[in-house]
Amino acid sequence: MNPVKPGETPRTPWIVGVSGASGTPYAAAVLRGLLDAGESVDLVVSRASRLTLLDETGISFRDAHWQDDLREWLARGADGKPGTFEPDIDAVRHWSAGDLAAGPSSGSYPAKGMLIVPASTACVAGVALGLSKDLLQRAASVTLKERRRLVVSVRETPLNGQTLRHLVTLDDLGAAVVPASPGFYAGATHIQDLVDFVAGRVLDAAGVEHDLYRRWKGDLGGSRTTDN
């Protein structure tokens, strides 16, 4: 477990927001990475993302059965194979996206920061403009106003000028913009490797230790070695 730092409570979670962009395997990998690092998680799954999750995995995410649904989701590999992982979700707390009275809606609620993965262009716009139309956007606004770490993993292509301006606004506000752009120098041999690379870069931006991908060491051709 990570040590409790000054100003933190024994349970000071990372808030993870999942928006409606394609890329639910990225969110699953980030969640597993946080839990493997001994971090607590407060999870907000937007209404639009539930449709994406259903389309990409066949899993219905239901507030009344969120633990069963989350466990099934995190157990799947990026290739859709069930039972690939054995997630322990005891450190996860779920908040409904429509619950604007939830803990993360207030700056007095203890949190280390927030990760939005994947972030749709609509979500990016809402956060940049401070709309707070649901708990995900409100929690992001609180994260910014409290000067906590906000990581936004945008998943869209191509990006138009309006979205680019919104991303610049988020950068100006102190957020880290981490596009869901897989790298290949880590020696990926499976779709899970590419997903884990993006998830690892999100966790890097948050300052969370992990072993999701092999880091660059300055050795050309290192990705072709067999120790991957």
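Author: Axes are lines fitted to C-alpha atoms, for helices over the stretch in contact, and angles run from 0 to 180 degrees between N-to-C directions. This is a predicted model, in which local features need pLDDT of at least 70 and side-chain atom pairs pLDDT 80 or more, while totals for chains, interfaces and linings use all residues. Residues are numbered from 1 along each chain as its sequence is written, and side-chain values use heavy atoms, without hydrogens and water.

Reader: At what angle do the axes of helix α1 and helix α7 cross?

Author: Helices here are DSSP runs (H or I, at least four residues; strands are E, at least two), numbered from the N terminus. The axes of α1 (residues 24–36) and α7 (residues 191–206) cross at roughly 60° and come within 8 Å. The pair is therefore oblique, a class left over once under 35 degrees (roughly parallel), over 145 (roughly antiparallel) and 65 to 115 (roughly perpendicular) are set aside.

Reader: Which residues of α1 and α7 meet?

Author: Contact means heavy atoms within 4.5 Å. Among those meeting are Y26, V30 and L34 in α1 and L194, V198 and V202 in α7.

Reader: Is H94 buried or exposed?

Author: Buried means under 20% relative accessible area, exposed over 50%, and partly exposed in between (1.4 Å probe, protein chains only). H94, in strand β3 (residues 92–96), is buried because its relative accessibility is 12%. By contrast, T169 in helix α6 (residues 161–172) is partly exposed, at 30%.

Reader: Which residues does H94 touch?

Author: Leaving out residues up to four places away in sequence, H94 touches L43, R50, F61, D63 and W66.
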